[in-house]
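Me: I am new to this structure and would like to learn how to read it. Could you take me through a few features, step by step?

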Amino acid sequence: MRSVIQVSGVRKTYGQTVAVDEVSFEVNDGEIFGLIGPNGAGKTTTMECIEGLRTPDRGTISVLGLDPFRHVYKLQDRIGVQLQQAQLQKRIKVWEAVDLWASLYQKKAIDGEHLLEQLGLTDKRDAWFMNLSGGQKQQLFIALALINDPEVVFLDELTTGLDPQSRRAIWDLVRGIRERGKTVFLTTHLMEEAERLCDRVAIIEHGRIIDIDRPERLVDRHCPERTVVLTTDDPIAEERFRAIPGVEAVICTDLRFTIRGRGDDLVTEVIHCLSENRIRVTDFRTILPNLEDVFLKLTGHSIRG
Amino acid sequence: MMLRGLWKLTWIEIKVFLREPLGAFGSIVVPVLAFLVAGRIVGGRVGPPSLAASSFIRVGLPVLASLLIAISAVLSLVTIISIYREGGILKRLRATPLRPQTILTAHVIVKLILTAATLALMVLAGKRYYPVGVHAPLFSFTIALLISTWSILSIGFLIASIVPTARFAQPIGAIILYPMISVSGLFVPVESLPPVLHAVARVLPLTYAVHLLQGIWNGDAWSAHLSDVAALTVAFVVCTALSAKVFRWE
């Protein structure tokens with residue numbers, strides 16, 4: 001697969017503070033790539049270096065074959081950008097912003113009215129920016145990021161501060177961007193967002209990339225533990241559970257058993273054991289690790305700090 | 001291209017400004033009203049005018065009012081730039097193919113248009129209620145005021161470059177700009193100022209603006225004021241170069 005962004009050995013400091021260091025990764029054509037980490041980990045700095053808004057102290061960056069620092073205007077013509085916590089003029093109307101943005105690009109912009117309709121903003125086209133809700137503002141920023149039909153779209157903390165419903169709507173929009181064949185580079189500190197949206201993620205902490213892969217592979221690699229919780233009053237159950245291959249621990253409190261082990265086969269093995277021994281259960285559920293657990297494992301603390 | 005988006009951005013900034021509840025009123029109506037009221041009070045009180053008083057009403061007051069228009073435009077620019085910076089609007093605009101200088105030029109154009117519009121309104125109102133300066137060369141005076149405003153705007157940019165937050169923009173701008181009027185030669189001739197103030201007045205662009213505006217209002221030819229225009233241009237170049245060095249976009 002062709003890579004559209006190459007970042008190699010990037011370092012950026014603000015005075016004494018090292019914001020990012022030795023950051024290297026590639027983003028492939030047509031994927032949603034997520035840079036995930038807690039606030040202050042260096043996500044925005046990394047993204048703004050790639051967009052050409054900041055100059056790294058060291059390292060090389062190439063986007064669509066262009067150097068973001070030397071060819072910033074050429075690059076900005078081909079990318080779409082949504083910045084974290086950005087604002088527009090308080091009393092600019094939605095359609096005025098779209099119209100202004102459409103006039104700024106060299107190549108022909110896509111139809112603004114159609115874009116507003118797709119993003120569900122048609123009935124807000126005459127509203128002032130200051131009177132939009134948080135979700136509507138983000139929808140407008142997505143519209144502005146898409147107006148030049150960009151090849152790569154950058155989204156920085158897109159859903160921060162939104163309610164769950166708006167968040168889901170925005171996720172659908174982002175998936176729609178990928179379906180149009182665009183590459184999406186996003187940052188988030190929400191693990192659920194990364195898991196649901198991203199094809200690949202890079203975990204960043206204290207300005208350094210810890211690991212990069214597909215979310216499910218990261219989970220497999222760093223958190224192979226599986227847990228089954230079930231309830232049964234069968235007296236022979238505990239003994240049988242301990243005999244299951246791959247089981248590391250069986251904890252019993254009252255009639256509730258917590259079975260811990262490793263590997264994808266654990267759940268199958270437990271079900272197999274239940275059916276073979278005709279053990280009657282009144283409750284059964286599995287606990288699978290997710291990116292949140294991966295992050296905890298890799299950094300020793302929760303992402304919410 | 002440098003001009004891409006300039007007119008559209010300028011037009012949007014004008015509309016956005018006029019939508020401000022106090023925007024048009026504060027910047028256009030208040031100076032005009034103040035001018036009329038001041039003219040009435042001073043003009044009414046002085047019976048058979050002494051020479052000095054009459055000269056101040058004839059020349060000083062219109063020039064003072066024009067300067068206040070220019071300074072209020074500059075203060076408004078300083079405030080807007082600081083608010084835009086604090087709100088991330090400047091940064092958002094910069095993450096497009098818009099050139100930074102295009103963004104700032106649009107704001108300068110808006111303020112020059114605002115200044116010209118206020119001046120026009122003042123003259124129209126003045127003709128009706130305050131029969132002074134009817135015979136002044138209005139076109140030349142407008143050009144002189146725009147040159148002065150343009151130069152003072154560059155001081156505004158320098159102030160906007162260094163004020164820490166939007167909250168301080170207006171007061172800091174006012175503290176820097178208004179006292180400049182007192183030594184500008186408008187009330188007391190520059191030559192009769194104490195040596196220190198005289199030296200200060202010599203380096204302040206407002207002094208040259210006042211000299212230019214008074215002269216043009218009195219009907220002087222432009223050729224008599226080339227040094228004033230030159231001084232204002234130098235001030236513009238110096239302040240623009242300095243703010244290009246220290247300007248912060250976020």
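This is a predicted model: local features need pLDDT of at least 70, side-chain atom pairs count only at pLDDT 80 or more; totals for chains, interfaces and linings use all residues.

Me: At what angle do helix 3 and helix 5 of chain A pack, and how far apart are their axes?

Reply: Two packed helices are described by the angle between their axes and the distance between the axes. Here helix 3 (residues 94-104) and helix 5 (residues 134-146) of chain A pack at about 20°, with axes 9 Å apart. Angles under 35 degrees count as roughly parallel, and these two helices of chain A are therefore roughly parallel to each other.

Me: Which residues make the contact?

Reply: Helix 3 of chain A brings Val94(A), Ala97(A), Val98(A) and Trp101(A), while helix 5 of chain A brings Leu140(A), Ala143(A) and Leu144(A). By class, that contact has seven nonpolar, no polar and no charged residues.

Me: In what order do the strands of the open sheet in chain A lie?

Reply: Strands of a sheet pair through backbone hydrogen bonds, either parallel or antiparallel. In chain A, six strands form an open sheet in the order 5-6-7-3-8-9, with mixed pairing. Strand 5 (79-82) and strand 9 (208-213) of chain A are at the edges with a single partner strand each, so one side of each has no neighbour in the sheet. Strand 5 of chain A runs parallel to strand 6 (residues 152-156) of chain A, joined by four bridges.

Me: How many residues does each chain give to the contact between chain B and chain A?

Reply: Chain B gives 17 residues and chain A gives 20 residues. On the side of chain B that touches chain A, helix 1 of chain B gives the most, with five residues.

Note on methods
Residues are numbered from 1 along each chain as its sequence is written. Chains are lettered from A and ligands numbered from 1 in the order in which they are written. Axes are lines fitted to C-alpha atoms, for helices over the stretch in contact, and angles run from 0 to 180 degrees between N-to-C directions. Angles under 35 degrees count as roughly parallel, over 145 as roughly antiparallel, 65 to 115 as roughly perpendicular and the rest as oblique. Two residues are in contact if their C-beta atoms, placed from the backbone, lie within 7 Å. Ala, Val, Leu, Ile, Met, Phe, Trp, Tyr, Cys and Pro count as nonpolar, Asp, Glu, Lys and Arg as charged, and the others, Gly among them, as polar. Two strands pair if DSSP finds at least two bridges between them.
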